[in-house]
Amino acid sequence: MDQGTNMSNPQVDTTQVDTTDEQRYSGSVSYRFVPGWRNRFATNIHGLMAPSRGGVNFPHLHRVFRERAREGEVYGELSRCDCYLEVPPDGLARTDSSTYQDYIRTDSERDKAAKYMQDHGKWKYVLSVYVMLCFFAVSRVVEFTHYALKIEPHMTQAEAIAKQRGPTMVCWDDVTGHIRYIPTEPMMMRFVTGSRRFPVIESVYTHGPYQTTVMSVAAVDYDPTRETRTAFDDEEFFPAFFGARLIEGKKPLLTEIEVCKVAWQMLQAMMYLSDMNMSHDDLSHHNYVVDAYLNAQILDFGLMIFALDGEDGFQVLRWAWLPYQEYQMAPELAIELSKDMWKQGNYKPEEEKIVYLPHDARVEHLWKFGCIIYDLLHGYSAWEDREFDHRIGGIRQWAQKREESNQLSWWRMLERRDRVINEELPIDENLSQDCVDVLRAMFTKDPENRPTLHELASFPWFQGHWVNEGPFRRPAAEFVEDSQSSDAYSDDETVEMSDNWGL
């Protein structure tokens, strides 16, 4: 039988639950116990929603998650994949059912998914004037609506257990009264629906080796002079306006007051997550977008830390360094990487390193946030050479340039690390004193003396400097892949947010 066939009477678990919080989340669904999963978001969110469990043991989290779940439910059912696949020997099952999630697929199915993602990439912002959502056996026509799609390989819970990975799915009682298994990242996104600092998740589809998250679109290039570009024969899209496009070469495109607006809105997003004991572990210039009025939204919940036990849950033993994060190098990490143990052995210097460095993950995340602010204000990264060298690019491009420029790029990077450890932070003398105070506090060498998230929010620079300024307009910038196009803002553009949308 065709794997995509929609059956009217499939043999699949469709257990219904009551709609009250206590009956709905009272423990009718149990999550498989796996060592190492005890404090993870996916394994605890169902229990946190139940008044007799989460309400007693974690009253703050229970209250916050319950209120935010209700905000998300106004968008209806989250998992909308209603086709049934073959699961030997049980017959047919929805991919968001417990039957399918207990299934370990064949190597050929997994290889097919890996090959697809290698050929097509992880992120696709797919937009069209008329959008037909017929992806994964769903057919709905929505006129004049834009959506963003994130397409990824899908790993079942059984496969995650077998491979000793973290939990990939959340067991959830959907608004329809059915028990569904939802991918962890889309489930997290449902709880931030009430904040304009994040995209609104519309739905999620799992189908065989793939999963697709459908989100709102608020920060793309709506240039009416550019034709819709085709990356692949069957795919039309406009690119998103990522934060990386707010810097050209080593020149900033924003004024201080404009950076203040973007930074404050990102800080709002981080505080919104903090209320749920969450912290974003992958803040970078490619994980936030800005709309035509410089309203910011944070993306990518794939690397999110959830601390069930509060403060203790944020204490981690290792720091993962990746080449593309070199511009976010912190002094404590630079010191560790300067030790002889990292200069000897068989490792390749450009590869990922997992460094034993006990620390509070939130301190690491705020350092990365500070690096983003510094870049937007200066056009180059902290302690980086101010002049642009075409042979090696900037430190933000080091991950791409390190092989092309070889030793020169490598030694420039090491020189910068030495300055990160030993030299005072250089700051543009034209910046306001309030701005300078924020930068000096965030880039304090000793992590113990850096401000916490809520302390940072109390600095005068974050107290609405930008509110009475404006109008705010996103600057023109060229796409690397389409240097002939113009991205200048036009008053005739169709945008979905007003100038004061961020207030």
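**Notebook: salt bridges, a buried helix and positive phi**

I looked up E326 and found it buried, at 0% relative accessibility (buried is under 20% relative accessible area, exposed over 50%, partly exposed in between, with a 1.4 Å probe and protein chains only). This is a predicted model, in which local features need pLDDT of at least 70 and side-chain atom pairs count only at pLDDT 80 or more, while totals for chains, interfaces and linings use all residues. Residues are numbered from 1 along each chain as its sequence is written, and side-chain values use heavy atoms, with hydrogens and water left out.

I then followed E326 to its salt bridge with R417, where the closest N and O atoms are 3.0 Å apart (a salt bridge is a side-chain nitrogen of Lys or Arg within 4 Å of a carboxyl oxygen of Asp or Glu). E326 lies in the loop between β19 (315–321) and α10 (331–337) and R417 in helix α13 (residues 407–422), so the pair ties together parts that are 91 residues apart in sequence; helices (H or I, at least four residues) and strands (E, at least two) are DSSP runs, numbered from the N terminus. R417 is buried as well, with a relative accessible area of 7%.

D275 is partly exposed at 28%, whereas R68 is buried at 9%. I also noted that K150, E152, E185 and D300 are linked in a network of salt bridges.

I next checked helix α2 (residues 41–49), where nine of the nine residues are buried, so the helix is largely enclosed by the rest of the structure.

N277 has a phi of about 55° and is in the loop between α9 (256–274) and β15 (278–280), where N277 is buried at 15%. L294 has a phi near 65°, sits in the loop between β16 (288–290) and β17 (296–298), and is buried at 0%.

Lastly I checked confidence: the mean pLDDT (the predictor's confidence in each residue, from 0 to 100) of the protein chain is 76, and 72% of its residues reach 70 or more. Confidence is lowest in strand β4 (residues 130–132), at a mean of 30, and highest in helix α14 (residues 433–442), at 97.
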